[in-house]
Amino acid sequence: MNLSNLLKDVLVDCHGAPEPLIIDALITALRDFCNQTRFWRQELPPINLVTGQSIYNLNSPADTEIVVIVQARSDHFLVPSSVNLLDRNLSGWRDMLAPRPTFYFQPTMNSIHVVPKPSGNISNGLNVIAALRPSRNATTIDDEIYREFGNEIIAGAKAYLQIAPNKPWSSPDHATANMTAFSSAIERARLRVLA
């Protein structure tokens, strides 16, 4: 759904707020929701494994950013790790080669580091599911998030606007109620993700 379709839902309680500010508040609420819940998940395009290469770029869908890798597999699920854990538990891991990787970590939001390095090329050899969030310039809301949490996302946007001091749409009491509804949705979504 296009975010511009939600303007009137926010304006009803935030009279006088300019449309660009409302869109920004909606994006902020969506990003916060996605960052805190990891609810929006999607499988990314398969990655070709290359002999001796350990770091691969991740390509998120248009107008999205990767929050975190939720799952990685290459014939089997890879075990999430970190540089510190690998240094402590797997001597020489930086130079290891194997037919398929066993571990992974995420050195940047848009990359994955696999361990050991593949010892041969494997077409579409790495599949990644990532938790996403909308980019700062996104214009739409994911349909599933809107269906299940649209009213609460709108409440979060209202809260961000209403908490601003000395504006025609300022309303600290309403901001508190709206933030409570938004926070409750975040908790419900977290529980769904964990189930």
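1. A residue is called buried when its relative accessible area is under 20%. By that cut-off, 42% of the 195 residues of this protein count as buried. The model is a predicted one, and the points below should be read with that in mind.

2. The protein contains 5 helices and 10 strands. Its radius of gyration is 21 Å, well over the 16 Å that the globule rule gives for 195 residues, so the protein is more spread out than a compact globule. The C-alpha trace spans about 65 × 30 × 30 Å along the principal axes.

3. Contacts across the sequence deserve a word. Among contacts in the protein with a separation of 6 or more, 72% are between residues 24 or more positions apart.

4. How many aromatic pairs does the structure hold? There are 5 aromatic pairs. One of them joins Phe 33 and Phe 39 in an edge-to-face arrangement, with 6.2 Å from centre to centre and 65° between the planes. The term applies because planes over 60 degrees apart count as edge-to-face. Both Phe 33 and Phe 39 are buried.

5. Phe 33 also pairs with Phe 149. This pair is tilted, at 5.1 Å centre to centre and 45° between the planes. Which parts of the chain does the pair link? Phe 33 belongs to helix H2 (residues 19–37) and Phe 149 to helix H4 (residues 143–162), so the pair links distant parts of the chain, 116 residues apart. Phe 149 is buried, as is Phe 33.

6. Taken together, Phe 33, Phe 39 and Phe 149 make up one aromatic cluster. Phe 33 takes part in both pairs described above, the edge-to-face one with Phe 39 and the tilted one with Phe 149.

7. Ser 81 sits in the loop between strand S5 (79–80) and helix H3 (83–89). Is this residue buried or exposed? Ser 81 counts as buried because its relative accessibility is 19%, and the cut-off is under 20%. Leaving aside residues up to four places away in sequence, Ser 81 touches Leu 86, Phe 103, Tyr 104 and Phe 105.

Methods
Residues numbered from 1 in each chain as written. Predicted model: local features only at pLDDT ≥ 70, side-chain atom pairs only at ≥ 80, totals over all residues. Heavy atoms only, no water. Helix = DSSP H or I, 4+ residues; strand = E, 2+ residues; numbered from the N terminus. Rg over C-alpha atoms; globule rule 2.2 N^0.38 Å. Buried < 20%, exposed > 50% of the residue type's maximum accessible area, 1.4 Å probe, protein only. Contact = heavy atoms within 4.5 Å. Phe/Tyr/Trp six-rings, centres within 6.5 Å; stacked < 30°, edge-to-face > 60°.
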